[in-house]
Every structure is written in C-alpha cells, then in structure tokens.
Amino acid sequence: MKTALITGANKSIGFETARQLLDAGYFVYIGSRDMARGEEAAAQLGSENTAVVALDVTDIHSIHAARELVGRTTDKLDVLINNAGIRGEFPQTPASVSTSTIRHVFETNFFGVIDVTQAFLDLLRQAPHPRIVNVTSGLASLTLHSDPSWVYYPIKGAAYGPSKTALNAWTLALAYELRDTTFKVNVVDPGYTATDFNDHSGTGTVEDAAAILVRFATLDVDGPTGKYFSNDLGGEESPW
C-alpha cells in the first residue's frame with residue numbers, strides 16, 4: 001500500500017485531499033498541529049488506513065517527532081503534500097505591514113515546508129516513485145501580478161503572496177536537484193477555494209481543489225516535475 005503524509009490535513013482542502021487519497025487506496029498520515037482536531041478528522045474519514053501525526057510545521061522538534069513516528073510504522077513515504085499554510089493578518093500593504101507579520105507567514109508557508117521536506121526526504125527516497133506537492137497560490141505568480149488584465153491584479157499583499165513566491169522558487173530548485181531521480185516535485189495552486197482561509201469567499205470547491213492536488217500526488221512516470229500548475233487556469237501550467 002502506498003503512503004502519503006499531508007500537513008494541515010484536519011480540515012478544508014487538506015482533509016478532502018486525505019479523503020480522495022484514501023479512496024485511491026493510499027494509507028494517509030493526517031498531519032495536524034492540534035492532535036484532538038486530527039483525531040476528529042480521522043474519525044470523520046472513518047478509515048482504518050489513517051494515522052494521526054501531531055505536526056506543527058513551525059516547530060522543528062514537532063517535525064522531528066513526526067518523522068520518528070511515521071518511520072516506526074513504515075519504511076517509505078510515497079507522497080508528501082505540504083498543504084499547511086496561513087494567510088497572516090490583513091491588511092498587508094507593503095508600505096505599512098510589520099516585518100513580524102511577514103516573518104510569521106514565512107515561518108509556516110516557506111520555512112515550514114523546507115523543514116518538513118528535509119525531515120522526510122529519507123523516507124521519500126525509499127519509495128520507487130516519490131511525489132512532492134507543495135501547495136502554492138496564484139498570488140505567487142510575478143508574471144500574473146505584472147498583468148493589469150489579470151483578475152487578481154489589485155491584490156498585492158506583502159506577506160502571503162511573497163511567501164508563496166519564495167516557496168515556488170525553492171521548489172523549482174529542489175526539483176532540479178532531484179532531476180536525475182524518480183522524484184516528481186511540483187507546486188500546485190488549488191485555486192480560489194471557499195474555505196475558512198478566505199471566510200468562504202472563494203468560488204471553487206474543496207473537492208475540486210483536492211482533486212488537482214491528488215492529480216499531481218499520483219503522477220505516473222512520465223509526469224512533469226519542477227512545474228507550477230493552477231486550478232484557476234483549468235489545471236494547466238501557470239506562469240511563474
């Protein structure tokens with residue numbers, strides 16, 4: 001049975017991604033900062049092929065403890081989905097946002113992804129065809145941000161978007177480092193999805209958002225790597 005770890009899997013897109021991977025026959029590790037909420041999510045999923053992992057992506061000790069726990073139950077990890085993320089306090093106007101707000105957002109959305117990925121890389125290397133999906137945003141695209149005709153052109157936050165731009169850059173570098181292996185490493189934008197993250201103002205569903213994450217988590221051997229894909233663009237490749 002293939003195995004997958006999803007960070008921030010106790011609700012919203014992460015939860016639905018777990019459900020869809022379970023339906024696809026995976027054993028899913030439910031990464032949750034709050035153990036009780038993780039257990040509640042697992043109970044709702046109602047599958048024996050889940051395990052809850054206490055995982056705070058901003059706490060290196062929590063990450064290492066999660067790695068030890070997962071390593072005691074499996075000798076490989078087929079899929080890592082770095083889904084946990086935060087928006088940060090708004091407004092995030094560049095001229096006035098505090099650097100503490102920016103650092104706080106980057107700790108989760110950027111540094112947390114790096115720490116988690118590096119901690120689990122050895123287990124991923126043991127899988128025949130490992131997949132890493134880093135959840136990004138359309139707001140990470142500098143090309144689109146430079147296009148006045150883009151629907152989200154006016155949204156120029158100084159913390160959230162830049163944290164995802166940095167994530168895109170690091171993911172591209174990681175994919176290049178792993179280019180001669182069987183890894184597939186991509187950044188995927190689930191689109192503007194109605195969740196607690198945006199007070200349910202999004203236009204997409206969690207089902208569709210999860211589906212694109214699962215698509216890239218289950219790529220075949222001919223699938224792309226080192227690319228940026230967006231649900232807001234119909235699941236096609238996005239400009240960086």
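Which residues of α1 are buried? In this predicted model, the list runs to Ile13, Gly14, Phe15, Glu16, Thr17, Ala18, Gln20, Leu21 and Leu22. That makes 9 of the 12 residues of α1, so the helix is largely enclosed by the rest of the structure. Its buried residues pack against quite a list of elements: β1, β2, α2 (35–45), β3 (50–54), β4 and α7 (206–217). End to end, α1 reaches 17 Å from its first C-alpha to its last, close to the 16 Å expected at 1.5 Å a residue. Just after α1 comes Gly25, which takes a positive phi of about 95 degrees.

Helix α1 (residues 12–23) also belongs to a right-handed β-α-β unit, together with β1 and β2. The two strands of that unit pair in the parallel sense over 4 bridges, and Ala4 has Val28 as its bridge partner in β2. Strand β1 also pairs with β4 (residues 79–82), again in the parallel sense, over 3 bridges; here the bridge partner of Ala4 is Val79. As for its faces, β1 (residues 3–6) is covered on both: Thr3 and Leu5 are buried on one side, Ala4 and Ile6 on the other.

Zooming out, these strands are part of an open sheet of 8 strands, in the order β3-β2-β1-β4-β5-β6-β7-β8, with mixed pairing. The edges are taken by β3 and β8 (236–237), each with a single partner strand, so one side of each is left without a neighbour in the sheet.

Further along the sheet, β6 (residues 184–189) is mostly covered, with 6 of its 6 residues buried. Lys184, Asn186 and Val188 point one way from β6, while Val185, Val187 and Asp189 point the other way. So what flanks this strand? β5 (residues 131–135) pairs with β6 in the parallel sense over 5 bridges, and the bridge partner of Val135 in β6 is Val188. Asn134, for its part, stands opposite Val187 in β6. Strand β7 (residues 228–230) runs parallel to β6 and is joined to it by 3 bridges, with Tyr228 as the bridge partner of Val187.

Helices lie against the sheet as well. α3 lies across β2 and β3, running at about 155 degrees to β3. α4 packs on the sheet too, where it touches β1, β4 and β5, and its direction makes about 175 degrees with that of β4.

Methods: Residues are numbered from 1 along each chain as its sequence is written. This is a predicted model: local features need pLDDT of at least 70, side-chain atom pairs count only at pLDDT 80 or more; totals for chains, interfaces and linings use all residues. Side-chain values use heavy atoms; hydrogens and water are left out. Buried means under 20% relative accessible area, exposed over 50%, partly exposed in between (1.4 Å probe, protein chains only). Two strands pair if DSSP finds at least two bridges between them. A crossover is right-handed if, with the strands pointing away from the viewer, the path from the first strand over the helix to the second runs clockwise. The expected span of a helix is 1.5 Å times one less than its number of residues. Contact means heavy atoms within 4.5 Å. Axes are lines fitted to C-alpha atoms, for helices over the stretch in contact, and angles run from 0 to 180 degrees between N-to-C directions.
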